Amino acid sequence: MQTLKMALKSIIANKIRAFLTMLGIIIGVSSVIVMVAIGQGSTKDVQDQIGSLGTNVLTVSVTGSDVTFKEGDADQIKDVNGIEEIAPTVSGRVTLKKGKTNTQVSMIGTTSSYLKVRDLQLQSGRFIADLDHENHSKIAVLGSDTAQTLFGLGDPVGESIKVNGTSYKVVGVLESVGSSLGTSGDSTIIVPLSTGQRLASTTNIGTTYVKVENENSINFVSSRIESTMNSIVGDADSYSVSSQKDLMETASSVNETMTLMLGGSAAISLIVGGIGIMNIMLVSVSERTKEIGIRKAIGAKRKNILLQFLIEAVVLSSFGGIIGVGIGVVSAQIYTVVTGSTIAYSIPVMLLSFVFSLLVGVVFGVFPANKASKLDPIQALRYE
Amino acid sequence: MTMIEPIIQIKNMEKMYELGGETVMALKGVSLDIKKGDFISIIGPSGSGKSTFMNMIGCLDRPDSGEYMLDNEKIGKMKRSQLATIRNEKIGFIFQNFNLISKLTAVENVELPLIYRGMKAVERRETALAALEKVGLADRANHLPSQLSGGQQQRVAIARALAGHPPILLADEPTGALDSKTSKDILAIMKSLNEQGHTIILITHDLDVAKQASRVVRIHDGQLYENGGEWFADAQNGTEKYYSK
Ligand SMILES: Nc1ncnc2c1ncn2[C@@H]1O[C@H](COP(=O)(O)OP(=O)(O)OP(=O)(O)O)[C@@H](O)[C@H]1O
Ligand SMILES: [Mg+2]
């Protein structure tokens, strides 16, 4: 179509200005795509990790500071129908030392069932045994990161390390589980429950992991545990029983909010880009007043001029949109390669931001185009 | 009497401008008939209303009162878009300062009126090139206006004016920006176009230019005078004055 050709011609005639006009849209569209890709990538990440922890595990946490919940109390949970195994834990942070290497890691004191309940694998050595708990043994199982920090590539099993200054013997190393919800699952040290209570200087059980027999009955078991906990602790605000599914939902809702906020701020930059288009188009209208006058004298109707400027705006913004999508995908790709984080492209978001940029072109192009089309031919011809 | 029908009939046309409470009567009841195939020049000093009159004839502006028939169509009540169509089909404009679009090549400039007429690309290019041929500029078709001399630019403008074969060519000071030799070339082209059947209206303040036409009409202070007046060039201040009998 002829009007399209004219619009393209005038864009090509002003390459630098056209590029600057598009820049706002390019930045807007590409940042929408990058932000959403990163946001959705991290949502996917978290969901994968939480999912890998098993959907048949319940977490019973005691949060109230003035309530007591001892090992014996935790054992009462075990009596609830439909439970296969429980693993009571105490936790804290400890300083590890091997030779000259110091590191702070999270300490978990627990029983032998922890391995099975959390579905963990040993890389080498053995896990904590019931006997270790009874004997308050100073033995430890290391998370894979902890092992690597302290021993590098060497085998830690049989070696001894200092935990808060006391010597412990390493009996095993866990396989990596990855990080979840911002905390690394591999920078850990696991000790017998009784030993852990001493290290954390409390006999209170913080979190108890519960493995249910049948995944389908997890909601029933959960409510039964609730009532047991209520009878033990009393105060309903001091404990919580949650499934991995609950955690997953919380995590993804947090992530969705984040994605929305990132996408929203990027969308605002798209609007700013639109204002840029309007600004440049207005400049272009007054710069080309004479041209408009000539065209009108020669027989251009209002709608011819309107269409010419509108098409110019739309072509500019859709070019900007296409380039923006391209740059967005490339930068998201660079981001994953550099940081190693997961990204997830969303085709609807790409289409949406492209359509949005087109819309921005139309909306912000209409005003200048209308202004151009209304120019009086005589006045416009006289304009220098 | 030969009955050549008039292509332009203007009766009692008036136009006034208002500027800050003051009204200027730029046209004070002007009447003029122009026959098909005429070569008429309208001559008058600066501020006499030439450009105002040309805007009326060219349908670029509307008079405050009076009647205007162009090629048997009443112009008075037409909408803006209809006026645009009239300008496109009936009138070829030639301006003092050429008014070419600087970013378009010669042939693209000539194509412009044909674009707004909705002509197909191939036919349009052929027609535009034929028009450039007529003014002897076929070899400069792909030059930009900035790469052409003033006379060549005006010839491109003439090609643009005649490309769509409008019955009327309307020229406002077409030689005003050109030297005398180039002016002669341009006038020669216009003469030959007139011989080919175009009705030509030439607006000028230069008596030598005006004399090229077969009919000379004088405009002074918003009024037209024809036949039987005398025209003097006032040597002292360079302006011409009309003294009626
Ligand atoms: N847009 C306008 N607003 C107000 N007054 C105007 C306007 N255009 C023309 N005039 C006035 O109308 C009168 C006729 O002007 P016009 O431009 O038609 O003269 P002209 O014969 O073309 O002069 P020149 O030879 O200098 O071009 C002048 O007094 C001028 O000041
Ligand atoms: Mg004038």
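**Notebook: ligand 1 and the chain A spans**

I sorted the shell around ligand 1 by class and got 5 nonpolar, 6 polar and 2 charged residues. Here Ala, Val, Leu, Ile, Met, Phe, Trp, Tyr, Cys and Pro count as nonpolar, Asp, Glu, Lys and Arg as charged, and the others, Gly among them, as polar.

The model is predicted: local features need pLDDT of at least 70, side-chain atom pairs need 80 or more, and totals for chains, interfaces and linings use all residues. Residues are numbered from 1 along each chain as its sequence is written, chains are lettered from A and ligands numbered from 1 in the order written, and side-chain values use heavy atoms, without hydrogens or water.

I looked up where ligand 1 sits: between chains A and B. There are 13 residues around ligand 1, and S46(B), G47(B), K50(B), S51(B) and T52(B) come nearest. A residue is near if one of its heavy atoms lies within 4 Å.

Next I checked polar contacts (pairs of N or O atoms within 3.5 Å). S46(B) has a polar side-chain atom 2.5 Å from an oxygen atom of ligand 1. S48(B) places a backbone N or O atom 3.3 Å from a ligand 1 oxygen atom. For T52(B), a polar side-chain atom lies 2.5 Å from an oxygen atom of ligand 1. The protein covers 68% of the 640 Å² of accessible area that ligand 1 has on its own (Shrake-Rupley method, 1.4 Å probe).

Which element gives the most to the shell around ligand 1? I found helix 1 of chain B, with 3 residues. Helices are DSSP runs of H or I, at least four residues.

Technical notes
A polar contact is a pair of N or O atoms within 3.5 Å; within protein, one must be able to donate a hydrogen and the other to accept it, and residues adjacent in sequence count only if both atoms are side-chain atoms. Helices (H or I, at least four residues) and strands (E, at least two) are DSSP runs, numbered from the N terminus.
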